[in-house]
Amino acid sequence: MAHHGEIFQGVVRTETGRLRRALCSLPCSGLGSEAIFHLDDSGIVTVTPAWKTKARVAARLVLERIGRPELGGALEVRSDIPPGWGLGSSTADVIASIRAVLSAVPHGARPPSLAALAVQAERASDSTIFSNAAVLFAHREGEIVEFLGDQIPELIVVGFNTDPGGVDTLDFPPARYAPDEIARFADLVDLLRRAILEQDVRALSQVATGCARINQAHLPKPRFDRIEDIAVRVGALGVQVAHSGTVAGLLFDPRDLETELRVAQARAQLAELGFGGAWRFSTMQTEPLRLRGVP
């Protein structure tokens with residue numbers, strides 16, 4: 001499945017004092033990728049569509065990792081996730097492809113780490129590899145830094161794209177955080193732990209908002225201050241963004257009886273600000289999500 005940017009992205013300090021880049025993705029299960037692998041003995045992996053090269057690389061890596069490099073096949077990838085928006089299109093393609101190859105090839109080896117293979121195929125991945133589980137994930141190392149809980153609490157999200165041009169995540173350099181930002185991340189991680197433990201959507205939204213503000217120094221979203229103003233006016237719990245993409249979202253409590261009214265107000269005010277075509281989804285949503293402006 002896809003994600004809708006991040007709840008948390010920054011650096012965390014481990015017990016040994018090491019700083020590690022880590023994130024916790026905001027799940028968006030209404031979007032996703034599907035892969036089918038037609039096994040053959042050609043030794044060559046092809047992919048359709050041809051531009052999904054990360055998925056092809058991932059399939060080739062699986063065959064090598066399980067000790068069957070002589071095999072090949074035709075990989076088909078289907079996805080409704082727009083690339084370059086920060087919705088995890090590459091990770092979804094890669095994970096679907098890895099699982100397809102593992103399902104197609106009989107082998108007695110222990111299945112390789114999906115996360116490690118994903119990072120090897122695309123340099124960085126996201127925590128939706130673990131579905132709705134809440135983890136701090138070292139997205140450039142393919143390792144869980146900390147398991148926070150079985151489930152991220154449900155949120156209603158009004159999402160929108162701040163820049164239809166998108167971002168090339170491979171060309172976007174990792175953020176270099178200042179000491180004061182690193183100190184703020186420490187507080188936000190503590191709040192994230194409590195939010196997951198207590199299933200507190202308000203605290204979770206505070207984490208997302210804090211990280212979004214820090215991100216303004218690294219991949220700024222246009223008119224962010226006015227987006228925050230809208231969040232306050234309509235009674236949203238907070239704001240979240242894609243830290244290596246262009247989408248953003250206003251966060252709402254599904255248990256609030258006024259949420260649907262707040263959602264309607266948010267969409268109208270975002271359109272007035274120039275962000276038309278906003279979409280609404282739940283982080284627990286199972287039905288497909290149709291993004292406006294996407295064929």
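1. Helix H1 (residues 53-65) packs against helix H2 (residues 89-104) at an angle of about 35 degrees, with the two axes 8 Å apart. Helices here are DSSP runs of H or I with at least four residues, and strands are E runs of at least two, numbered from the N terminus. Axes are lines fitted to C-alpha atoms, for helices over the stretch in contact, and angles between N-to-C directions run from 0 to 180 degrees.

2. The model is predicted: local features need pLDDT of at least 70 and side-chain atom pairs pLDDT 80 or more, whereas totals for chains, interfaces and linings use all residues. Residues are numbered from 1 along each chain as its sequence is written, and side-chain values use heavy atoms, without hydrogens and water.

3. On the H1 side, the residues that meet H2 include Ala55, Ala59 and Leu63, and those of H2 include Val94, Ile98 and Val101; contact means heavy atoms within 4.5 Å. The residues of this contact of H1 with H2 comprise nine nonpolar, two polar and two charged (nonpolar: Ala, Val, Leu, Ile, Met, Phe, Trp, Tyr, Cys and Pro; charged: Asp, Glu, Lys and Arg; polar: the others, Gly among them).

4. The axes of H1 and helix H3 (residues 114-122) come within 9 Å and cross at roughly 130 degrees. H1 and H3 are therefore oblique to each other (under 35 degrees counts as roughly parallel, over 145 as roughly antiparallel, 65 to 115 as roughly perpendicular, and the rest as oblique). Among the residues in this contact are Leu61 and Arg65 of H1 and Leu117 and Glu122 of H3.

5. Overall, the protein has seven helices and eleven strands. Its C-alpha trace spans about 60 × 50 × 35 Å along the principal axes.
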